[in-house]
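Subject: Structure handover and notes

Dear colleague,

I am handing over the structure below, together with my notes on it. Please look at it first and then read on.

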Amino acid sequence: DPIKDFAPITLVAGVPNILVMNPAKAEALKINSVPDLIRYAKANPGKLNMASSGNGTSIHLSGALFETLAGVDMVHVPYKGSSPAVTDLLAGQVNMMFDNMPSALPHVKSGKLRALAVTSARRSPAMPELPTIAEAGVKGYEASSWFGVLAPAGTPKDVVAKVNGAILKSLSTPDIKEKLSSQGAEPAGGTPEEFAAFIRAEIDKWAKVVKASGATID
């Protein structure tokens, strides 16, 4: 049980996903932005397909949230991992993907993939020119992968506090900030109590997305 079995220590970093398309497919369908994508998807329900690294992953659920909030119907194509999904996206076997920033960034910079937007609430320092999906017209959209540190439930509070302090100190150092930034990640931090509240909020949020979309892990 993610609530009962762990003692949250701190949120370490958030990593946005990035909405990318195969450039040839984007050109053929005249999709150069999120509004273009939504217009095409609404006019052609079930014609666009989106790859993911597997059922129930952050990539899958980023797409499911987009479908729900944008009011569009697309075909989800789950793969066994991000690598085969990106391989087929690059080859034009699928149209689009909400990929993790570290995985997609090299292909975007080389021109092999076209980036339309980031999934985070704020623009990513790694690609500040890209709008967020919310900025592009999908009000309330926000989806990011995140990483945190937890201990077993019942860990003494003084131990939790000590580890929390050490992690926060490391997150403030220039080399750690640079290493995270190079992968499209943003340092987070915060208290154990804030991290616990964040986890509860994430569970509530994504439970609603799973229910609305019918997403499963089989």
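What follows is an account of what was found in it, taken one topic after another.

Please keep in mind throughout that this is a predicted model.

I begin with a pair of helices. Helix 3, which covers residues 58-70, and helix 8, which covers residues 192-213, have axes that come within 10 Å and cross at roughly 70 degrees. Because angles of 65 to 115 degrees count as roughly perpendicular, helix 3 is described as roughly perpendicular to helix 8. The crossing in which helix 3 passes helix 8 is left-handed. On the side of helix 3, the residues that take part are Leu61, Ala64, Leu65 and Thr68, and these meet Lys205, Trp206, Val209, Val210, Ala212 and Ser213 of helix 8. Sorted by class, this contact between helix 3 and helix 8 is made of seven nonpolar, two polar and one charged residues.

In soluble globular proteins, nonpolar side chains tend to be buried together. Here the largest nonpolar core has 58 residues, and those that touch the most other members are Ile18, Val20, Val34, Phe66 and Phe98. The element that gives the most to this core is strand 1 (residues 6-21), with nine residues. For Phe98, if residues up to four places away in sequence are not counted, the residues touched include Ile18 and Phe66, and also Asn17, Leu19, Met50, Ala51 and Ile59. Ser62, Gly63, Thr119, Ile133 and Tyr141 are likewise among the residues that Phe98 touches.

Ala104 lies in helix 5, which runs over residues 101-110, and its relative accessibility of 0% is under 20%, so Ala104 counts as buried. Although Ala104 and Ile18 are 86 residues apart along the chain, their C-alpha atoms are separated by 7.3 Å. Not counting residues up to four places away in sequence, Ala104 touches Ile18, Val20 and Asp99. Pro102 also has its place in helix 5, but this residue is partly exposed, with a relative accessible area of 37%. Leaving aside its neighbours within four places in sequence, Pro102 is in contact with Val15 and Gln183.

Asn164 is found in helix 6 (residues 157-171), and with a relative accessibility of 9% it counts as buried. Once the neighbours within four places in sequence are left aside, the contacts of Asn164 are Ile9, Thr10, Gly190, Thr191 and Pro192.

Finally, there are two loop residues to look at. Ala136 is located in the loop between strand 5 (114-118) and strand 6 (144-152), and at 18% relative accessibility this residue counts as buried. Pro35 is 101 residues apart from Ala136 in sequence, while the two are 6.8 Å apart in space, C-alpha to C-alpha. With neighbours within four places in sequence left aside, Ala136 is in contact with Val34 and Pro35. Lys30, for its part, lies in the loop between helix 1 (23-29) and helix 2 (34-43). Its relative accessibility is 67%, and therefore Lys30 counts as exposed. The phi angle of Lys30 is near 60 degrees, which is a positive value in a residue other than glycine.

With best wishes

Note on methods: Residues are numbered from 1 along each chain as its sequence is written. This is a predicted model: local features need pLDDT of at least 70, side-chain atom pairs count only at pLDDT 80 or more; totals for chains, interfaces and linings use all residues. Side-chain values use heavy atoms; hydrogens and water are left out. Axes are lines fitted to C-alpha atoms, for helices over the stretch in contact, and angles run from 0 to 180 degrees between N-to-C directions. Helices (H or I, at least four residues) and strands (E, at least two) are DSSP runs, numbered from the N terminus. Angles under 35 degrees count as roughly parallel, over 145 as roughly antiparallel, 65 to 115 as roughly perpendicular and the rest as oblique. A crossing is left-handed if the near helix is turned anticlockwise from the far one by less than a right angle, and right-handed if clockwise. Contact means heavy atoms within 4.5 Å. Ala, Val, Leu, Ile, Met, Phe, Trp, Tyr, Cys and Pro count as nonpolar, Asp, Glu, Lys and Arg as charged, and the others, Gly among them, as polar. A nonpolar core is a set of buried Ala, Val, Leu, Ile, Met, Phe, Trp, Tyr and Cys residues joined through side-chain atoms within 4.5 Å. Buried means under 20% relative accessible area, exposed over 50%, partly exposed in between (1.4 Å probe, protein chains only).
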